[in-house]
Amino acid sequence: MRTEWTKFRTVRGFVIAMIVAGGVILGLGLSPMSGTCTEQTCRQPVGPEGEEVRDSFYLLHRPLTGDGGITARLTSMTGRVPDIPADRGDRDDGGGRAAGPAAGEGMRDGLVPWAKAGLIIKDGTRRGSAYAAVMVTGGHGVRMQHNFVHDRAGQPGTAGAPVPRWLRLTRAGDVVTGAQSADGVHWSTVASVELAGLPATVEIGLFATSPQFVETTGLAGGSSGPTLVTATFDDISGGADGWTGEGIGAEGSHRPDGWTGEAIGAEGSHRPDGMGVTLTGSGDIGPVVVGAAGLGVSITQTLLGTFAGLVLVVVVGAAFMTGEYRRGLIRTTLAATPARGRVLLGKAAVLAVVTFGVGLVSAAAVVVAGRRVLVGNGVYVLPATLLTEIRVIAGTAALLAVAAVLALGIGTMLRRSAVAISVVVGLTVLPYLLAMTVLPAAAAQWLLRVTPAAAFAVQQSAKQYHQVENLYTPANGYFPLPWWAGFGVLCLWAAAALAGAAVLLRRRDA
């Protein structure tokens, strides 16, 4: 290793290339991306488990002190979605989000899969407060959700004549239980959840909400826009006598029998319907995500320069061995160290350590400084935990280091710098660029599963939630493999390249 380190540091081109690689990562990460989504205008409430959340829905409620519950029958559930022309494509609103239809572009009948209507118990009406709800969704059947990030499945199907859904929500201390029934007689439990620290008096009632419509385009992007859901309930426990009036659409304007209609962070309305009530709502109850249905960007945005730095690292990795072939020094090296496997491992170790150090410093600097630049330019950056930031920074450094070792192995096998560099760039950088720009989402995800570019998953900081409709594509910062699995794919490629290089080094090189 001492010998290989001496070789590395005395070749001025290697040192300069590594410095430039770190500078490129830093420079591109500090690019002047701009937006209008600041900490003040876009920061969302924080839920009971520390996640930024969306808490926007139409609520019809009344206080509940102590134990108790509510039962109601959901008789119909319809919706409206944006009528987005097929040629609209993606339109960025300046804050890292895909814009929906402009005013007046119209709506059409439709129900998004995660439109929700049902019963809820909530710790007051403050956005982000603890809750538990049992609901019918537009395409995922009956669900029991609580505290924004938890979701349990019940029976499949939606609600509407001739198949209404009975729902029941009860509280016993801190435990809230959701149940469902097809006839109001035979009940099955969906789930029981515990809301620690629930106060004696909570709000209980009916709600309706409908999240962003998300449609994937032919490329890696998509379109989105606001939607509405309209749900009709009847046979509400406690009776609905006195719920009179027509088209009541003003926020909190109708209060029959002690119930209060309130749109929590969203547009909505309700109206009495004979012995029942109809609610119309828009918004969502769930965690904030990045993408067409989300807002802002993640810290991954600051690491866009990694692919450019990776190219330089690959050049150094390949040239670290091919340079000896080109100058005829390989015989001297092997004569000095007959154990050829040790030569290869020594080069790999030196290359990995140097590259990891450069990557670690540049990634740490760009994540810290890049966040400030983005915020200063009006782009809202979703917060990430310290452990997530450490994993992203260290993972980026490890990605560069192992890619350099991969280039070393390929360079040893091919013995030609240009050919080796082309092969490694084609395996690592090219799939990443194609996935981020021109490939359809399905093709991009396949490519990022099988090629060394899968290791870019180490940079994912945004969480994916199955109960939040979104464009979970590489272009939006979501990779098809977990970070450890993606990095493992790169390690397997590098290990195979080193193994092949070791075999050829022993067999053919004198």
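# Briefing: Helix Packing and Buried Cores in a Predicted Model

The protein chain contains ten helices and 18 strands; helices (H or I, at least four residues) and strands (E, at least two) are DSSP runs, numbered from the N terminus. This is a predicted model, in which local features need pLDDT of at least 70 and side-chain atom pairs count only at pLDDT 80 or more, while totals for chains, interfaces and linings use all residues. Residues are numbered from 1 along each chain as its sequence is written, and side-chain values use heavy atoms, with hydrogens and water left out.

**The chain as a whole**

- Of the 510 residues of the protein chain, 53% count as buried; buried means under 20% relative accessible area, exposed means over 50%, and partly exposed lies in between (1.4 Å probe, protein chains only).
- Among contacts between residues at least 6 apart in sequence, 75% join residues at least 24 apart, where contact means heavy atoms within 4.5 Å.

**Nonpolar cores**

- A nonpolar core is a set of buried Ala, Val, Leu, Ile, Met, Phe, Trp, Tyr and Cys residues joined through side-chain atoms within 4.5 Å.
- The largest such core has 66 residues, of which Phe8, Leu344 and Leu351 touch the most other members.
- At least two residues of this core come from each of helix H2 (12-29), helix H4 (306-327), helix H6 (340-376), H7, H8, helix H9 (441-450) and helix H10 (483-507).
- H7 gives the most to this core, with 13 residues.
- Leucine 351 touches Phe8, Met18, Val316, Gly317, Phe320, Ala404, Val405 and Leu408, not counting residues up to four places away in sequence.
- A second, separate core of 37 residues includes Val112, Ala191, Ile204 and Val229.

**Helices H1 and H2**

- Helix H1 (residues 2-10) packs against H2 at an angle of about 75°, with the axes 4 Å apart; axes are lines fitted to C-alpha atoms, for helices over the stretch in contact, and angles run from 0 to 180 degrees between N-to-C directions.
- H1 and H2 are therefore roughly perpendicular to each other, since angles of 65 to 115 degrees count as roughly perpendicular, those under 35 as roughly parallel, those over 145 as roughly antiparallel and the rest as oblique.
- Phe8, Arg9 and Thr10 of H1 make the contact with Arg12, Phe14, Val15 and Met18 of H2.
- The residues of the contact of H1 with H2 divide into four nonpolar, one polar and two charged; Ala, Val, Leu, Ile, Met, Phe, Trp, Tyr, Cys and Pro count as nonpolar, Asp, Glu, Lys and Arg as charged, and the others, Gly among them, as polar.

**Helices H2 and H6**

- H2 and H6 pack at about 20°, and their axes are 9 Å apart.
- That angle makes H2 roughly parallel to H6.
- The crossing of H2 and H6 is right-handed; a crossing is right-handed if the near helix is turned clockwise from the far one by less than a right angle, and left-handed if anticlockwise.
- Met18, Gly22, Ile25, Leu26 and Gly29 in H2 meet residues in H6 that include Leu351, Val354, Thr355 and Val358.
- The contact of H2 with H6 comprises eight nonpolar, five polar and no charged residues.

**Helices H7 and H8**

- The axes of helix H7 (residues 386-414) and helix H8 (residues 417-437) come within 9 Å and cross at roughly 140°.
- H7 and H8 are therefore oblique to each other, and their crossing is right-handed.
- Leu406, Ala407, Ile410, Gly411 and Leu414 of H7 are in contact with Val419, Ala420, Val423, Val424 and Thr428 of H8.
- This contact of H7 with H8 has eight nonpolar, two polar and no charged residues.

**Individual residues**

- Phenylalanine 148 has a positive phi of about 75° although it is not a glycine.
- Phenylalanine 148 lies in the loop between strand E6 (142-146) and strand E7 (150-153), and is buried, with a relative accessible area of 1%.
- Aspartate 235, likewise not a glycine, has a positive phi of about 50°.
- Aspartate 235 is in the loop between strand E14 (228-234) and strand E15 (260-264), and counts as partly exposed at 42% relative accessibility.
- Methionine 321 lies in helix H4 and is buried, with a relative accessible area of 0%.
- Methionine 321 and glycine 411 are 90 residues apart in sequence and 6.3 Å apart in space, C-alpha to C-alpha.
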